[in-house]
Amino acid sequence: MEMALNLAEQGRGYTSPNPMVGAVAVKEGRVIGRGYHQAAGGPHAEVNAIDNAGEGSEGATLYVTLEPCNHTGRTPPCTRKILEAGIRRVVVAADDPNPDVKGRGAAFLKKNGVAVTRGILKTRAVKLNEFFNKYITTKRPFVIAKCASTLDGRTATRTGNSKWITGEAARAHVHQLRHAVDGIMVGIGTVRLDDPSLTARVPGKQTRDPVRIILDSRLDISEKARLFHLDSNTDTLIICGDSAPREKRRRMEKGNVRVLATRQINGRIDLHHLMDRLGEMEITSLLIEGGSRVLASAFRERIVDKCAFYVAPKILGGDDGFPMLRGPGPEMMADCIHLDQLEYCQLGEDILIQGYVKGLTDP
């Protein structure tokens, strides 16, 4: 199962809106077939592992990180492939979280004489697909709040300079994260200040850029912004309010740029409504990169599932820089947002702290 989970990881960034899945076929104590789900619409892991095993799969055991599907989607059901191959036993890490199909694959296999063992390395398998698990049960994206700051909590100097807070290793890790998610979101302030490209650049890897999502309620964005002149394989989505100028909306919608007018509350984009809209677009995961007001709003509206904070061993030493979060916070410490399941990782000189918003996500 460890081998199958490592295989599944190779699909990160390529399988959405499907989960990452790995499979290993074993016979008489020897691995005879390996496979993983490589891209949505392509063969599933079980199919690839059985095909890799060839005729030797008769009587074998199949280890698979997610319960085999028993329904027809973009591809035929994997349970049929398992029966046709003569697999005698299937070992499953995690059940399919889709409430419409959960348990049916295992039940079908048992009914047809295949022994099924479930729950092997379940915790790791469930965490592997935390994006898919959230999306398939709520139809909303799994949201990660990302921030890079100094030790005294600043994301830029008073002049707006932020290049570079963190070192090369941390910045490379961010690009891996961008490749893994479906969408990346920033506010218009970040676009004005940094003029970012919001692409995923990973040396040696054919990356898939996330959909770039810009919150710009009044549609103030400059048409000279770098986002409009990218050689990218995904869209740029500008989120504005209904009152934004219709002529500018039409003018900006060209190439891979789309403008989406959505509901507002007190002059700001309704983030809960936006999450529903993004879910309808099959955006299963979202990375929020800033700025400070957008991040604060995301926490305040309780749409964040996980945090990824990169902290550099630097101190600005003043109170006039840009803060990580901007806007009103709670009056009492007891009302803070709590994180659990914390993980710490050193990236060069920087520290990455990751954790889940307590009470919202159970990976």
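How many strands form the open sheet, and in what order do they stand? In this predicted model, in which residues are numbered from 1 along each chain as its sequence is written, local features need pLDDT of at least 70, side-chain atom pairs count only at pLDDT 80 or more, and totals for chains, interfaces and linings use all residues. Side-chain values use heavy atoms, with hydrogens and water left out.

The open sheet is formed by 5 strands in the order 2-1-3-4-5, with mixed pairing. Helices (H or I, at least four residues) and strands (E, at least two) are DSSP runs, numbered from the N terminus; two strands pair if DSSP finds at least two bridges between them. Strand 2 and strand 5 (115-118) stand at the edges with a single partner strand each, so one side of each has no neighbour in the sheet. On average, neighbouring strands of this sheet are turned by 20° against each other, direction ignored. Angles run from 0 to 180 degrees between N-to-C directions, and axes are lines fitted to C-alpha atoms, for helices over the stretch in contact. Strand 1 pairs with strand 2 in the antiparallel sense over 6 bridges, and K27 stands opposite R30 in strand 2.

Helix 2 lies across strand 1, strand 2 and strand 3, and runs at about 140° to strand 2. Helix 4 (residues 104-111) also packs on the sheet, where it touches strand 4 (89-94) and strand 5. The direction of helix 4 makes about 150° with that of strand 5.

The buried residues are A45, E46, V47, N48, A49, I50 and A53. Their cover includes strand 1 (22-27), strand 2 (30-36), strand 3 (61-66) and helix 3. G54, which follows helix 2, has a positive phi near 70°.

Two packed helices are described by the angle between their axes and the distance between the axes. The axes of helix 2 (residues 45-53) and helix 3 (residues 78-85) come within 9 Å and cross at roughly 20°. Helix 2 is therefore roughly parallel to helix 3 (an angle under 35 degrees). The contact (heavy atoms within 4.5 Å) is made by E46, V47, I50 and D51 of helix 2 and by C78, K81, I82 and A85 of helix 3.

Conventions: Angles under 35 degrees count as roughly parallel, over 145 as roughly antiparallel, 65 to 115 as roughly perpendicular and the rest as oblique. Buried means under 20% relative accessible area, exposed over 50%, partly exposed in between (1.4 Å probe, protein chains only).
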